[in-house]
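Subject: Structure handover

Hello,

Here is the structure we spoke about. Please open it and read the notes below alongside it.

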Number of protein chains: 2
Amino acid sequence: MFDPPMPPVLSISRRTRRTPFTRRVNQHGVKGYTVYNHMLLPTHFKSPEEDYWHLREAVQLWDVSCERQVQVRGPDAARLVQYLTPRDISKLTVGKCFYIPVVDETGGMLNDPVALMLDEDRFWISLADSDLLLWVKGLAAGMNLEVAVDEPDVSPLGVQGPKAEDTVAAVFGERVRDIGFFRYDTLPFNGHDLIIARSGYSKQGGFEIYLDDSSLGEALWDVLWEAGVPHNIQAGGPNLIERIEGGLLSYGNDMTSENTPHECGLGKFCQTVDAINCIGRDALIRSIVDGPARQIRGVYMPGPAIPGPIEPWAVHAGEAEHAGRITSAAWSPRLETHVCIGMIESAYWEPGTEVIIETPAGPRAGEVTMLPFPGAAAN
Amino acid sequence: MFDPPMPPVLSISRRTRRTPFTRRVNQHGVKGYTVYNHMLLPTHFKSPEEDYWHLREAVQLWDVSCERQVQVRGPDAARLVQYLTPRDISKLTVGKCFYIPVVDETGGMLNDPVALMLDEDRFWISLADSDLLLWVKGLAAGMNLEVAVDEPDVSPLGVQGPKAEDTVAAVFGERVRDIGFFRYDTLPFNGHDLIIARSGYSKQGGFEIYLDDSSLGEALWDVLWEAGVPHNIQAGGPNLIERIEGGLLSYGNDMTSENTPHECGLGKFCQTVDAINCIGRDALIRSIVDGPARQIRGVYMPGPAIPGPIEPWAVHAGEAEHAGRITSAAWSPRLETHVCIGMIESAYWEPGTEVIIETPAGPRAGEVTMLPFPGAAAN
């Protein structure tokens, strides 16, 4: 049974911060917002389905200013960034982006940001939805490290979709075509040198432009918009259907501080057993020795279409056993089934395992699979 | 000029957490939500104006589960809580609630929570809107303190308004009438001992009941509702008009990490110059020596009625000087003027000073005053 009334209205104030692009987002008729790092994040413009098809075919501008940066500067900066994550930061160099699981002392996930090295002693950590600034500042103060930690005036603007490269190249020049995946270059705009990374929260390709001066927000939006008109540019945002198909996890939805990176399938980003000085390392080594008891998987769930979970849906298999829970789900108009992401217990995580999902619309049959879903990347 | 479209729809998911009371809140026809500590917070049910009048006359149930607790336990718990705040924690005893400004190493506000001592070595810190858990955990880990820091399953339910005492007494007994302001008692409910404090984010009187088991949410709601029917109980939430009239500050709106407690008028809660071991103490002593350059004030702004600020409104006085900025505002149907809260520069903060406020509807005349506004507490 669904609760009335849905969908609710968002009451906004200074506390739900606007971005340098909010005026343009409103002008393009945003239909939904969420709040992410105390900031407005547009969720859809036409409908999630229409936005999905368009994202796979054209190019979209995404206001992802809510990916706030934690800036770490100073002689102890590299030491502190390494202390945050089981990923080996000694391999991070200027021009690279590293997806880093950030964990607490028990190995529980606190965020899954992207770290950029700007200089040997200067990093940006581009956040998912938690005030990681407070964790990093707290550690720095408690450990008495020689660093400055703050949130700079930096707001990423995403350009996503198969036509993103042509659009960004029309504004910033052909050099953007040489930027490798999870690499960045620095290119001029209105007297600023902007970091442009080939990255983003979709599998359709694209860039994130790290605008470092809020007053230039509309100028940057407008010049990219104009360049995108021949490619049918639209306003968009992280798309629920597309990101589930692509197996892109959402912190706070698919994982919380209860989960280790290994449960989240992020073991490939962890060099925990190497000689790194990272908080939670002992706990993570224990979890590696034991092996994770559950792990993130995809799950197919045929129709009829229902909204995704607001609270996790219990997953059963066979007799009333606990087999996991579904944390994200959406109807895929391309695969003509719901695509789900869930944390599945080890006895049931083999692809092909049949499960029962307890949705608000009653029990539904599901089938476990690996992420990403087939055809997630259109091109 | 206002941006279309307003008001926007809130896209919800597991990440915008439900509470133990959300189903009841929806059943009572909530009209707006905000997101607060990654959790749904109802903002109004009929209209802000109707909810305002009702709050001053009757009793309301408020789902303020979003006031999450940071629990600090262990031999170093009192030392750590003292390290967080310039308020002298040695005066806090079991049964008391302390409003504590929490600051960073520069004296900037990170949160303005209420601390409860549950035992000599166990505290709850009841939060405003920031992930203070990460700050406290980071300090504890960095300082290698002997404490455990976590977020327990505790969801405050507010009972606010002049009929709150009769309502709560009908459920928990006459003993609640003896609870002093910012004191708490512990009373039984369904096999649990619940903390009941005389506190809350209104000036109409009332209680906050710290429910420590989510599964009992609807049972607690229902028994209070039934007890409140003779007093015309309604569902409500922190009311923008009422809290501005009462001078109750909102973290993220009226103050941020840019502001010291002294700028926020919270100097009376700080014993900074005493022999306490608090982070940011040196910086705060400097700010006391210098005196704050600006401070929070009330500002009257006559009609016609317009919505409050999403971004701060600039305040001028005389020639185009910077005199401050308005951070919260609402039309008061009782005072028949806008009541505003703003950070006002020292040259202009005397009550009676006439200022010009740059609103999205054009410049408006205003007059500085002290907080709270007259008649804020109805009884």
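This is a predicted model: local features need pLDDT of at least 70, side-chain atom pairs count only at pLDDT 80 or more; totals for chains, interfaces and linings use all residues.

Strand 19 of chain A spans residues 324-332. Eight of its nine residues are buried, so the strand is mostly covered, a residue being buried if 20 or more other C-beta atoms lie within 10 Å of its own. Strand 19 of chain A pairs with strand 20 of chain A (residues 337-345) in the antiparallel sense, over eight bridges. In that pairing, His338(A) in strand 20 is the bridge partner of Trp331(A).

Look for Gly324(A) in strand 19, opposite Val315(A).

**Helix 2, chain A**

Helix 2 of chain A covers residues 48-57. Its buried residues are Pro48(A), Asp51(A), Tyr52(A), Leu55(A) and Arg56(A). Seen down the axis of helix 2 of chain A, they fall within an arc of 130°, so they line one face of the helix. Strand 19 of chain A is part of what covers them. The cover also includes strand 3 (39-44), strand 4 (60-63), strand 12 (155-160), strand 16 (234-236) and helix 7 (240-245) of chain A.

**Helix 6, chain B**

Helix 6 of chain B (residues 217-228) has twelve residues. From first C-alpha to last, the helix reaches 17 Å, close to the 16 Å expected at 1.5 Å a residue. Which of its residues are buried? They are Gly217(B), Leu220(B), Trp221(B), Leu224(B), Ala227(B) and Gly228(B). These cover an arc of only 135° around the axis, which puts them on the same side of helix 6 of chain B.

Chain B can be laid on chain A with an RMSD of 0.0 Å. That takes a turn of 180° and a shift of 0.0 Å along the axis. The two copies are thus related as by a two-fold rotation axis. The same surface serves both: 100% of the contact residues of chain B recur in chain A.

In the interface, 50 residues of chain B are in contact with 50 residues of chain A. Strand 1 (9-10), helix 1, strand 2 (32-36) and helix 4 (132-143) of chain B each supply at least two residues of the side that touches chain A. Helix 4 of chain B gives the largest share, nine residues. By class, that side of chain B has 21 nonpolar, 17 polar and twelve charged residues.

Strands also pair between the chains. Strand 1 of chain A and strand 2 of chain B run parallel, joined by two bridges. Tyr33(B) in strand 2 of chain B is the bridge partner of Leu10(A).

**Pro351(B)**

Pro351(B) is found in the loop between strand 20 (337-345) and strand 21 (354-359) of chain B. Pro351(B) counts as exposed, because it has 10 C-beta neighbours inside 10 Å. Leaving aside neighbours within four places in sequence, Pro351(B) is in contact with Val368(B), Thr369(B) and Met370(B).

Best wishes

Technical notes. Residues are numbered from 1 along each chain as its sequence is written. Chains are lettered from A and ligands numbered from 1 in the order in which they are written. Helices (H or I, at least four residues) and strands (E, at least two) are DSSP runs, numbered from the N terminus. The expected span of a helix is 1.5 Å times one less than its number of residues. A residue is buried if 20 or more other C-beta atoms lie within 10 Å of its own, exposed if 12 or fewer, and partly exposed in between; C-beta atoms are placed from the backbone. The arc is that of the directions from the helix axis to the C-beta atoms. Copies are superposed by least squares on the C-alpha atoms of residues with pLDDT of at least 70 in both. Two residues are in contact if their C-beta atoms, placed from the backbone, lie within 7 Å. Ala, Val, Leu, Ile, Met, Phe, Trp, Tyr, Cys and Pro count as nonpolar, Asp, Glu, Lys and Arg as charged, and the others, Gly among them, as polar. Two strands pair if DSSP finds at least two bridges between them.
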